[in-house]
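Biologist: I am new to this structure and would like to go through it step by step. Please show it first.

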Amino acid sequence: MEILTVFSRKGLHIKCTPVVPAVRFNYNTLAERVAGRGDFMNELALIHKQAKERLKGICRVCPVCNGLSCVSGVPGMGGKTHDRQGMKRNRAALEQYLLNLRTIHEVNFADTSYELFGVQLRSPIMVAPMCETTYNFLNRVDDYDFIVSQVEGAEKAGTLAFTGDSPEPLLYEMSLKASLDKATGKGIPIIKPRKKNDIIERVRLAEKYGSLAVGVDIDAAGFDSFAKAGQPVGPLSFSSLRDIINDTHLPFILKGIMTVEEAVEAVNCGAAGLVVSNHGGRVLDSTPGTSEVLPEIVSAVKGAIKIFVDGGIRTGEDVLKMLALGAEAVLIGRPVAIAAIGGGADGVSLQLSTLESDLRRAMLLTGCKSLETVGPFVIREALF
Ligand SMILES: Cc1cc2nc3c(=O)[nH]c(=O)nc-3n(C[C@H](O)[C@H](O)[C@H](O)COP(=O)(O)O)c2cc1C
């Protein structure tokens with residue numbers, strides 16, 4: 001066998017056999033590499049590097065996005081105020097849960113497939129609504145490209161994207177159109193808590209574009225950017241919500257539920273789903289982490305309404321923890337935004353597919369055959 005002489009870091013000569021090049025598939029695009037299970041981590045690292053350059057001064061693209069060293073808040077990628085308690089607690093609370101490794105069982109394949117409102121998805125991992133690149137990313141990324149990357153990337157990964165609302169008048173409709181064009185309408189627009197008639201007007205648009213469902217991020221009630229643009233947002237009364245929900249055939253989702261009382265209100269006003277969310281810690285500081293409040297909300301309303309959750313979910317293991325705590329599906333925010341900025345639709349698809357395959361492996365190693373079989377037995381609380 002041929003022996004090569006190479007330099008080590010310290011300049012010493014070392015004799016070794018040549019490294020046999022790994023078999024490389026001739027993928028044309030990043031998406032094809034994903035489909036062929038290429039080198040996930042290297043591709044993601046590349047995407048993160050690119051995002052880091054594009055987001056200089058806005059986001060450090062940390063190895064784990066946990067709010068500990070953000071360079072921006074809101075606007076930007078971080079959490080509200082310099083302390084970012086809400087954002088940090090999302091991560092810290094999830095880290096308090098550990099997974100029970102179980103490998104004496106007969107589960108050989110874990111099925112992550114999930115059905116939402118009659119649509120079959122590859123996993124219960126969806127894209128959280130995110131927009132306003134002018135406001136949040138100093139216009140370094142085009143708003144339409146950002147939305148299309150999320151919608152198209154989710155579709156390529158066999159799942160779907162929630163989309164956002166903005167004071168920019170065309171943006172909301174742009175996201176509806178993107179969902180229709182790139183994902184046959186398989187998107188869920190989330191409208192800001194505007195005046196009742198303004199919400200109803202946007203619900204009509206969602207119906208027109210064939211959206212799968214529609215909703216309101218009720219926790220965005222204090223957003224200054226909307227007030228400054230002459231489009232006030234604010235808390236919505238129970239009767240307004242009930243009127244809005246009764247006025248559409250689309251399943252309605254309330255995003256931003258953090259208490260049992262409001263979860264019960266969501267059920268009573270006819271919502272089909274709720275998202276346990278503190279908006280990624282971007283609306284009110286010092287809120288609990290979402291996994292802190294999820295169990296009590298689950299025990300109060302599970303079965304009466306679909307329960308989704310977001311906030312600090314970074315790995316497939318995190319997804320499994322949220323499912324074990326009783327959520328039906330999860331939404332991913334910042335990691336998807338970073339993937340969209342660094343790698344467009346292919347980047348988003350890769351990020352979501354990586355989460356899905358990590359979830360599948362975590363389910364296998366905890367003895368869960370399907371999403372229905374995930375339960376509290378999967379997790380335990382950390383002793384330290
Ligand atoms: C840059 C950015 C923009 C966002 N825009 C919206 C929005 O338009 N509507 C909305 O409901 N939530 C919005 N969110 C909140 C997310 O939907 C989600 O609740 C949160 O990011 C989840 O936490 P994570 O980022 O830790 O995964 C935004 C979040 C970020 C980071």
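**The chain and its features**

Biologist: What percentage of the 384 residues in the chain is buried?
Modeller: This is a predicted model, in which local features need pLDDT of at least 70 and side-chain atom pairs count only at pLDDT 80 or more, while totals for chains, interfaces and linings use all residues. Residues are numbered from 1 along each chain as its sequence is written. A residue is buried if 20 or more other C-beta atoms, placed from the backbone, lie within 10 Å of its own, exposed if 12 or fewer, and partly exposed in between. Of the 384 residues in the chain, the buried share is 50%.

Biologist: How many helices and how many strands does the chain have?
Modeller: Both are DSSP runs numbered from the N terminus: helices are H or I with at least four residues, strands are E with at least two. The count for the chain is 13 helices and 14 strands.

Biologist: Is V61 buried or exposed?
Modeller: V61 lies in the loop between α2 and α3. Its phi is positive, about 50 degrees, although V61 is not a glycine. V61 has 22 C-beta neighbours inside 10 Å, so it counts as buried.

Biologist: And T184, buried or exposed?
Modeller: T184 sits in the loop between α6 (171–183) and β8 (187–191). T184 too is not a glycine, and its phi is positive, near 45 degrees. Because T184 has 12 C-beta neighbours inside 10 Å, it counts as exposed.

Biologist: How are α7 and α9 oriented, roughly parallel or roughly antiparallel?
Modeller: Axes are lines fitted to C-alpha atoms, for helices over the stretch in contact, with angles from 0 to 180 degrees between N-to-C directions. Under 35 degrees counts as roughly parallel, over 145 as roughly antiparallel, 65 to 115 as roughly perpendicular and the rest as oblique. The axes of α7 (residues 196–208) and α9 (residues 238–246) come within 10 Å and cross at roughly 20 degrees. Therefore α7 and α9 are roughly parallel.

Biologist: Which handedness does the crossing of α5 and α13 have, left or right?
Modeller: The axes of α5 (residues 143–156) and α13 (residues 334–364) come within 7 Å and cross at roughly 15 degrees. That angle is why α5 is roughly parallel to α13. A crossing is left-handed if the near helix is turned anticlockwise from the far one by less than a right angle, and right-handed if clockwise. For α5 passing α13, the crossing is left-handed.

Biologist: Which residues does T366 touch, not counting residues up to four places away in sequence?
Modeller: T366 is in the loop between α13 and β14 (379–381), and it is buried because 24 other C-beta atoms lie within 10 Å. Its C-alpha atom is 6.7 Å from that of T103, 263 residues apart along the chain. Contact requires C-beta atoms, placed from the backbone, within 7 Å. T366 touches L99, N100, L101, R102, L320 and V378.

Biologist: Of the residues around the ligand, which are the closest?
Modeller: A residue is near a molecule or strand if its C-beta atom, placed from the backbone, lies within 6 Å of it. There are 24 residues around the ligand, and the closest are A128, G164, D217, G280 and G333.

Notes
Contact = placed C-beta atoms within 7 Å.
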